[in-house]
Amino acid sequence: MAAVTQPLAGDEVITKVGYDAFVGTELEARLVALGVRHLIVAGVFSELCVDAIARTGFQKGYRVSVVSDATMPLERAADEVLGFMQRYYDVAIVTAATAT
């Protein structure tokens, strides 16, 4: 797993209130304002939080990449969780070194 990082000065931080960062936050409004069309997702509990944002992003028309070496599943094998997202949400599986 990649090293834990902290936001840099000037980075925007959006605090989510549940599994899905799109729900109950200003995330989508910020993405639209910035013209973002590609989400690069990392985080813990791959089958919950990462899956939720990947699924919602896909349903909203974003291109979604999940960083395999910067996610951690809760109960299932990483390959199973990432494979599910790849099959059903057309997620690109990338590494921290290849994420762009």
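# Close-up views of a predicted α/β model

**Figure 1. Arginine 76 and its partners.** Not counting residues up to four places away in sequence, arginine 76 touches Glu47 and Val81, where contact means heavy atoms within 4.5 Å. This arginine is found in the loop between S2 and H3; helices (H or I, at least four residues) and strands (E, at least two) are DSSP runs, numbered from the N terminus. Arginine 76 has a relative accessible area of 35%, so it counts as partly exposed; buried means under 20% relative accessible area, exposed over 50%, and partly exposed in between (1.4 Å probe, protein chains only). Please keep in mind that this is a predicted model, in which local features need pLDDT of at least 70 and side-chain atom pairs count only at pLDDT 80 or more, while totals for chains, interfaces and linings use all residues. Residues are numbered from 1 along each chain as its sequence is written, and side-chain values use heavy atoms, with hydrogens and water left out.

**Figure 2. The whole chain, for orientation.** Before zooming in again, here is the overall layout. The protein has 3 helices and 3 strands, and from the N terminus on they run α-β-α-β-α-β. Its C-alpha trace spans about 35 × 30 × 25 Å along the principal axes. Of the contacts with a separation of 6 or more, 71% join residues 24 or more positions apart. Buried residues make up 33% of the 100 residues.

**Figure 3. The largest nonpolar core.** A nonpolar core is a set of buried Ala, Val, Leu, Ile, Met, Phe, Trp, Tyr and Cys residues joined through side-chain atoms within 4.5 Å. Which of the 17 residues in the largest one touch the most other members? They are Val64, Val66 and Met85. At least two residues of this core come from each of helix H1 (27–34), strand S1 (38–44), helix H2 (46–59), S2 and helix H3 (78–89). H3 gives the largest share, 4 residues. Take a look around valine 64 too: leaving aside neighbours within four places in sequence, its contacts are His38, Leu39, Val41, Ala54, Gly57, Phe58, Asp90, Val91 and Ala92.

**Figure 4. Serine 65 in strand S2.** Serine 65 is found in S2, which covers residues 63–72. Is this serine buried or exposed? Its relative accessibility is 5%, so serine 65 counts as buried. Beyond its neighbours within four places in sequence, serine 65 is in contact with His38, Leu39, Ile40, Val41, Val91, Ala92 and Val94.

**Figure 5. Two loop residues with positive phi.** Phenylalanine 45 lies in the loop between S1 and H2, and its phi is near 55°, a positive value in a residue other than glycine. With a relative accessible area of 32%, phenylalanine 45 is partly exposed. Aspartate 90 sits in the loop between H3 and strand S3 (92–94). Phi of aspartate 90 is near 55°, again a positive value in a residue other than glycine. Aspartate 90 is exposed, with a relative accessible area of 61%.
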